[in-house]
Amino acid sequence: MKLTYEANAKINLILDVTGVKQNGYHTIFSVMQSIGLKDVISVEKTKGEKITISCTDETVPTDSKNIVYKCAVKFFEHFNIKKNKGIHIHIEKNIPHEAGLGGGSADGAAVLVALNEIFNTNASKRTLMFIGGKVGADIPFCVVGGTALCQDIGTVVAPLPDIDECSIIIVKPESGSSTVKAYDAIDAMGESLKHTKNNEMLELLLEQDFKGALKYCDNVFEQVIEVPDRADIKHILRTHNASASCMSGSGSAVYGIFSCEEDAKKAKAELEKKYDKVYLCNRKNRGVEKISEE
């Protein structure tokens, strides 16, 4: 049996760091949104007990360091599956690394959804989110996707009304961003960190006033992460009538949201003259989408 899924990336419409837990993990307030920039994940049942991985991107680890491997291990542990658990995972990688787009988390979520079907465990999404949360904080959101409020370390996920149809430009500069270093920089800011307007955005999203909510798109990591091209990218996006432009996650990707697709296409054309990784996509109402079964 072989199942293939699209694993959708995410952007953060708003991202605030609200505190630090006793275990050292940071708590957040974030509205995450699935987008149509995706990896393609195939999971196939094999003979034996090994988990093997292949990937179209040679820089991606294909051993136990990969998130998909860790998700598979946690899945088997949770359901006490000890025999006939051989699988092969193939990753068609399109979501850029060190971008704040949740590429690895999306892949891990897709693997959990696939294993749930292959091994007939009939687990709820909540159970898959629980398993994924043991591996990475963004995985629970990626299991469900759409538009959602994510709190605690990211593992508390509350669905929100779908945002309006829109066009989204993603630009990944050459420079990447380390999540660990980003949070260290947040800690160093202390009380001087300027928090985002969380309640204002949340209230407008609940009222389904997406246009109004976009005015509050913000990311505290922009205060501490220096992305050399960010100001230039934002300027071009705004010049072409982006309703909002912001860095996603801990960076370094920057997105722009457009109500007009033609404006988005013009922005993409201009950005492609300066940057290699420019993507035009739409919003998605789920994180993982099945595309084939063999």
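I looked up the largest pocket and found 44 lining residues, with Ile67, Ser105, Ala137, Asp138 and Thr179 nearest its centre. A pocket here is an open set of points on a 1 Å grid over the protein atoms alone, where a 1.4 Å probe fits, with protein on both sides within 12 Å along at least five of seven lines; lining residues have an atom within 4 Å of a point.

I noted that this is a predicted model, where local features need pLDDT of at least 70 and side-chain atom pairs pLDDT 80 or more, while totals for chains, interfaces and linings use all residues. Residues are numbered from 1 along each chain, and side-chain values use heavy atoms, without hydrogens and water.

Next I checked the lining by class: 18 residues are nonpolar, 18 polar and eight charged. Gly counts among the polar ones, while Asp, Glu, Lys and Arg are the charged ones, and Ala, Val, Leu, Ile, Met, Phe, Trp, Tyr, Cys and Pro the nonpolar ones.

Then I turned to Glu222. Is Glu222 buried or exposed? Glu222 counts as buried because its relative accessibility is 18%, and buried means under 20%, exposed over 50%, partly exposed in between (1.4 Å probe, protein chains only).

Last, I searched the whole structure for disulfides (cysteine sulfur pairs within 2.5 Å) and got zero. Cys55 is buried at 16%, and Cys142 is buried at 3%.
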